[in-house]
Amino acid sequence: MDQLKQKIETAVSESQYDAVLALGVDNYNYLSGTVLPFAEHYPSRKAAVLMPKEGSQVVIVPQDWSQAVIDQGWTGEVLIYDENQGYETGAFVKAMEELIVSMGLNKNTIGIDAARVTKGLMDSLSGKLPRVLWEPADPMIRDLRIIKTEGEIEFIERACKQSDRGIVYALMHLEGTVDHQRYTIAEFTERMRVHANENGGSGVSLLNCGFGSDGQIYYTPQRGWVKNGDIFRMDMSSHYMGYWTNVGRMGVTGSPSPEQENAYKENLQLRDTALEMLKPGVACNEVYAHVARAAERQAIGFWKEPGIGHGVGASHHEAPYLNLNCSTEIKPGMVLALDIYTYGPRQELIHNKDIYAITEEGNRKLSWYMAWDKLYHVYGMRTTH
Amino acid sequence: MKEEIIERINAGITEAGYDAILVFGYDNVQYLSGAYLHFPQSFPDRYMAVFWPKEEMATCVIPHEWESSFLNLSWINKTRTYNEKPGSPSGIVEAAVYLAKNTVRKTGRIGIDVNRTPLNVYNRLKGALEDFELAPCDDLLRELRLKKTQGELELLEKVVSKNDQAIAGHAHHILVQQANGEMNITEGIRTHAIERELDEVGHHAIAQAVGETNMKSWWPRAPMFGIGFDKKPLRGEWLRMELVSTVNGYWSNGARMLSMDEPTDEMKADYQNLVTLRETARDALKPGVKASDVYKAVKATADEKGIALQIKVTLGTGIGASNYEPPYISEADETVLEPGMIIVFSPVIKDSNDNLLMAKDTFVITEEGHKLIGWWKDWREPFIANYTF
């Protein structure tokens, strides 16, 4: 990942800012190369990375997160703030004020991720550092993140393999149990998670299995039992060293009906249509429109409002977006999750979400571990071995 | 629970003088709507909000993809979806502005949770709602969430009890002679949580089993948090067992110490330090006492007895629609404790080997003082793993 570090440092040094301050958990991860323990779930606790044009880079973190940052190879400074020195973000702001003054940046221009910092925190920082000119650095960060380095793509590819193996291993446990031993949906879902980790994954976020009618909507709490005859959706996002994948797979318990098989085939037809356009020089919304037209022409029911995909990288959902509104031109180095929703015989949502890196020639599938070219059949008798 | 919370919110909006509130924080949205979706906070480029006009029905503004899931779980039955635009909050702002302009009188006062709302979203709203007064409503939300309703307390007590039971449930499987490694134990705790119908989806719904010498860190094996090493705990060592879990989006946060066979005298003394700090906290946890005074009392005890208390973090937090919320057992929190508040007291101390020892105990503040909830066993001593053969 040295290439990425160099890329970021060059961008900061060539920017119009004297320093860049990132508070968004995803931006922090990207710029620092370190993953925080579940920071997005602690909105009143803050961590940040400050990257000056000159001088040492600094991460500012609570005490219990600091060792994790160091253990991941952070070579800059670590500023631990005392959470008892201010209410909620107060202690963080105090530490930031002292740091920025000590670095001589208190009369300078600092780029900040305005799409992540809250209005309240920005007011506090501005109040303590009134002579700093705070400028939104979101476009710069977006442009950096949207084109991946080879190292980043390699990490995403690993995450894809770990995720798919996590799902497949869980399915293997399910086989032979549907009519006999029986699994709860919560246990099956947990098996996906733990097998992604067993395969080397660093963490799992989005986790959902929708069986039967529960699969008609995006997410339902993981309740009830796996039973025969259901088409089901398995969605998972997981990361390898902070680089995310976001896959979705389909299975059926027992033998699939012709209607179920046909519904899945229709979905793959639209996927193949999208792949024709997933290449450099095409705008994201052109890919979307191409699929929408094909769905209409072939009379395939298609849930168009969510779009048909998005980027993945330092988060599991990021730019660019394959939807009606995103005119971003597809370029080599982008990594996209292609996610087309169609409908099953009982209006179950069907998708087969794969990850593709854009190459000079077109695209390369990163989630190649299994073809998923037909519904995964879960069947068999229970036996011991 | 639903009726109590809705009544409180309506009363709070009226008393605070808002014509409506517009709330973006995932935790605040969950509190207002009753819908626990485990994923919105991991989509920083997607926005979701609840618009709640005074004495009227609330509406959730939400991306298409999540709408039906939200309606399936929420007591709010009105939604407004929007077209997502890349890198821009304009879609949700347009939807929110539509609701504001059609519900609130011109020049009306709209509360925004500015401690959760991204700056770019706020600035667009400000521009689009220039005839309205936008005012922070974080204090209102804080007050609403701080003191739990009876229904919330009942749910939390259930979650906390199951959480403790899940940790102890797996602790029973740990035998000194046949111990598994940390990874296996971690998963065992999770499995016992799921068996007790705790929800373990979501990025931070985690378990963690940490043995010596990995216990020197809060989060060993970064960034593989909550996965564990293959280290097997040995006779005479500590094992730290942690579990964060939820039911319907109401959280518990537990940690317990397990001794591999009968603890040595040194281990007993170290564990007693955790007990002493808890007893000090118990003396202070009652209505009318400031949260900061609880912190000071515990710290004074640690100083007096030479306990290596980790003092740069808070010594406890509230739980509810998140697992880290006010009140904080912190020198900086002047909140006066009141009945209905709930606190996880969570001191972290170092033993002579630099291991971080933890115990997390949950207290509800009552009229008389406090009620300790969720103890599956009496934690005046650690869990002691059997030797067996």
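This is a predicted model: local features need pLDDT of at least 70, side-chain atom pairs count only at pLDDT 80 or more; totals for chains, interfaces and linings use all residues.

**Stop 1: Chain B as a whole**

Along its principal axes, the C-alpha trace spans about 75 × 45 × 35 Å. A compact globule with 389 residues would have a radius of gyration near 21 Å, and chain B has 23 Å, so the two agree. Of those 389 residues, 58% count as buried.

Among the contacts in chain B with a separation of 6 or more, 69% are between residues 24 or more positions apart.

**Stop 2: Two helices in chain B**

Stay in chain B and select residues 90-103, which are helix α4, together with residues 119-128, which are helix α5. How do their axes cross? They come within 10 Å and cross at roughly 40°. The crossing itself is right-handed.

Next, show some side chains. On α4(B), pick B:S90, B:V93, B:A96 and B:V97; on α5(B), pick B:V121, B:R124, B:L125 and B:A128. These residues make the contact between the helices. Colour them by type and you get six nonpolar, one polar and one charged.

**Stop 3: Over to chain A**

Hide chain B for a moment and select chain A. Here the secondary structure comes to ten helices and 17 strands. The C-alpha trace of chain A spans about 70 × 45 × 35 Å along its principal axes. With 385 residues, a compact globule would have a radius of gyration near 21 Å; chain A has 23 Å, and therefore agrees with that figure. In chain A, 57% of the 385 residues count as buried. For contacts between residues at least 6 apart in sequence, 69% join residues at least 24 apart.

**Stop 4: Where the chains meet**

Bring chain B back and look at where it touches chain A. The contact takes 70 residues from chain A and 58 residues from chain B. On the side of chain A, several elements each supply at least two residues, including α2 (25-32), α3 (63-71), β7 (203-211) and β11 (318-321). Which element gives the largest share of this side? Select α8(A): six residues come from there. Finally, colour the touching side of chain A by residue type, and you'll find 30 nonpolar, 26 polar and 14 charged.

Technical notes:
Residues are numbered from 1 along each chain as its sequence is written. Chains are lettered from A and ligands numbered from 1 in the order in which they are written. Axes are lines fitted to C-alpha atoms, for helices over the stretch in contact, and angles run from 0 to 180 degrees between N-to-C directions. Helices (H or I, at least four residues) and strands (E, at least two) are DSSP runs, numbered from the N terminus. A crossing is left-handed if the near helix is turned anticlockwise from the far one by less than a right angle, and right-handed if clockwise. Two residues are in contact if their C-beta atoms, placed from the backbone, lie within 7 Å. Ala, Val, Leu, Ile, Met, Phe, Trp, Tyr, Cys and Pro count as nonpolar, Asp, Glu, Lys and Arg as charged, and the others, Gly among them, as polar. The radius of gyration is taken over C-alpha atoms; the globule rule is 2.2 Å times the number of residues to the power 0.38. A residue is buried if 20 or more other C-beta atoms lie within 10 Å of its own, exposed if 12 or fewer, and partly exposed in between; C-beta atoms are placed from the backbone.
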